[in-house]
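Trainee: I would like to learn how to read a model like this one. Can we go through it feature by feature?

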Amino acid sequence: DSPMTVAEVAKLFKKETADVIKKLLFLGMMATINQEIDTDAIELLGGEYNIEVEVRAPRDEEAEDMLVEEEDPSILVNRPPVVTIMGHVDHGKTTLLDAIRETKVTATEAGGITQHIGAYQVEINNRKITFLDTPGHAAFTTMRARGAQVTDITILVVAADDGVMPQTVEAINHAKAANVPIIVAVNKIDKPDANLDRIKQELTEHGLVAEEWGGETIFVPISALKKQGIEELLEMILLVSEMAELRANPDGRPRGTIIEAQLDKARGPAATVLVQNGTLKVGDIVVAGMTYGRVRAMVNDRGRRVKEAGPSAPVEIIGLSDVPHAGDQFVVYDDERKARALTEKRSNKLRAAEMGAQTRVTLDDLYKQI
Ligand code: GTP
Ligand code: MG
C-alpha cells in the first residue's frame, strides 16, 4: 500500500531485478535497484507481466482519528443548505447579509437583538437556510486549505452598475473548484445606471449563462439597500438546495467544522461551529484540531441557550480547552481519555514538524558558512 523499491517489487513478482529495471525503462522510467517506485508504476509493471496488482488504500490515520463512519443512505434526512455570499469589493455583500437577517431574523425576534456568531439561520415557508457570515473568500480558502467543505450554495453578488470585476471572477473560480452551485444576485438594481443584461452578458463569458438565455444559472435582480428581491432570492436558494439533495443523519456521530473561534475573557475559548452531521449536545466530548473539551454550553444564532444543535445548525460552543482554528473539523468522542490522547498526538506531530523545519534551516546556515 506504499511505495516499494525496485528490488522489493522484483521479489514480489518473482522476477529478476534486471528484468524489472528493463521493463521500467521500456515504460519510460529510469530506476535503480534501491529506488522506490510508486503504486502507479507498480500497477503498470503488473500490466507488463500480466500480474494483477491490487493497490490497497493506505491506512488513513486521519480518517480513523476522526471516527469516519459510513452512513446508511436510507436513514439520511434533508438538511438546510449552507450558503456563503461572495463578490467584488463594495458590490453589496454585507448589505445583502444584513438585509436577509433584518427581513427574516430580527422580525421574529423579541426585542430584535441578534447576537453575532458568524453564521445565522433564516426560515422561509417553514424551511431553514444557514448563512455563513464570514467573507465568502475566507470561507473557501481557509476551510478548503484544511480539507473542510462547508458551503452548499454560493450567492455571487454583482453590482449592476459596475459589472464583472476581478474578485467576481475569483469567486466564480473558487465555487467551480469546490463544485458548489452559484446563484447570481445582481445587486443595486435601484441605481439609474443599472444594467441587468450587461451583467448577464459579461457572466456568459465566465460560463454562467442565465436560464432565460438557455443556460442553467439563476439570476435574481435585487436591491440589498432597498430590500427588493430578497424573498425571491431566498426561494431560489431553496429551489437549488432541493436539487442538490443535501442530506445528513441527525442520529449519527456529531461532526462539523469550526467557523470562527476566539478567547472570551469571561467564558474561555468560544467557537462558532457548523454541525454537519449528527446532533451536537451539551455534555458531548468534542475534539477539534489540537484541542478538545466537554461542551459546557451552547448558544444559537439568536443568542439563546440551546441543549442541542442538528445538521446545518450554526451554534457557539463553550468548553474547549483551547482556541481551535477556523476550518478545523470537529468530531464527538465517546471517551475523554481518547480525545485527550488524540489532541496530544496531534500537538506532538506538529511540534516534530516544526523542529524538522528548524533543523533544516540550521543545516542551510551551516552550508552557507562553509
Ligand atoms: P466589502 O466588504 O468592502 O467587500 O463590500 P461589500 O460587498 O460588503 O459591500 P457593502 O455591503 O459594504 O456595500 C458597499 C456600498 O454599496 C455601501 O455604500 C452600500 O450602501 C451600497 N449598496 C449596497 N447594496 C446596494 C443597493 O442595492 N443599492 C444601492 N444603491 N447601494 C447599495
Ligand atoms: Mg462587506
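Trainee: Where is Asp 90 placed?

Mentor: This is a predicted model. Asp 90 sits in the loop between β4 (82-87) and α5. Look at its backbone: phi is positive, about 70°, although Asp 90 is not a glycine.

Trainee: Is Asp 90 buried or exposed?

Mentor: Over 50% relative accessible area counts as exposed. Asp 90 has 65% relative accessibility, so it counts as exposed.

Trainee: Which residues of helix α1 are buried?

Mentor: The cut-off for buried is under 20% relative accessible area. In α1 (residues 6-13), Val 6, Val 9, Ala 10 and Phe 13 are buried. Now look down the helix axis. The buried residues of α1 fall within an arc of 100°, so they line one face of the helix.

Trainee: What does the face turned away from the buried side of α1 carry?

Mentor: That face has the exposed residues Lys 11 and Leu 12.

Trainee: Now the ligand. How many residues surround ligand 1, and which are the closest?

Mentor: To be counted, a residue needs a heavy atom within 4 Å. Here 15 residues surround ligand 1. The closest are Lys 93, Thr 94, Thr 95, Lys 188 and Asp 190. Helix α5 (residues 93-105) gives the largest share of the shell, 3 residues.

Trainee: How do the shell residues divide into nonpolar, polar and charged?

Mentor: There are 3 nonpolar, 7 polar and 5 charged residues around ligand 1.

Trainee: Which atoms should I check next?

Mentor: Go to the N and O atoms. In the side chain of Lys 93, an N or O atom is 2.8 Å from an oxygen atom of ligand 1. For Asp 190, a side-chain N or O atom is 2.7 Å from a nitrogen atom of the ligand. Ala 224 uses its backbone: an N or O atom there lies 3.0 Å from an oxygen atom of ligand 1.

Trainee: How much of ligand 1 does the protein bury?

Mentor: Start with the ligand taken alone. Ligand 1 then exposes 650 Å², and the protein buries 70% of that.

Trainee: Let us finish with strands. Where is Thr 291, and what is it in contact with?

Mentor: Thr 291 is in strand β15 (residues 291-299). It is buried, with a relative accessible area of 1%. To read its surroundings, set aside neighbours within four places in sequence. Thr 291 is then in contact with Val 286, Leu 320, Ser 321, Asp 322, Pro 324 and Thr 343. With Ser 321 there is a polar contact between side chains, at 3.1 Å.

Trainee: And Glu 316: is it buried or exposed?

Mentor: Glu 316 is buried, at 5% relative accessible area. It belongs to strand β18 (residues 314-320). Follow its side chain to that of Arg 267: a polar contact of 3.1 Å joins them.

Notes: Residues numbered from 1 in each chain as written. Chains lettered and ligands numbered in written order. Predicted model: local features only at pLDDT ≥ 70, side-chain atom pairs only at ≥ 80, totals over all residues. Heavy atoms only, no water. Polar contact = N/O pair within 3.5 Å; in protein donor to acceptor, adjacent residues only side chain to side chain. Areas by Shrake-Rupley, 256 points an atom, 1.4 Å probe, with all protein chains shown as cover. Helix = DSSP H or I, 4+ residues; strand = E, 2+ residues; numbered from the N terminus. Nonpolar A, V, L, I, M, F, W, Y, C, P; charged D, E, K, R; others polar. Buried < 20%, exposed > 50% of the residue type's maximum accessible area, 1.4 Å probe, protein only. Arc of directions from axis to C-beta. Contact = heavy atoms within 4.5 Å.
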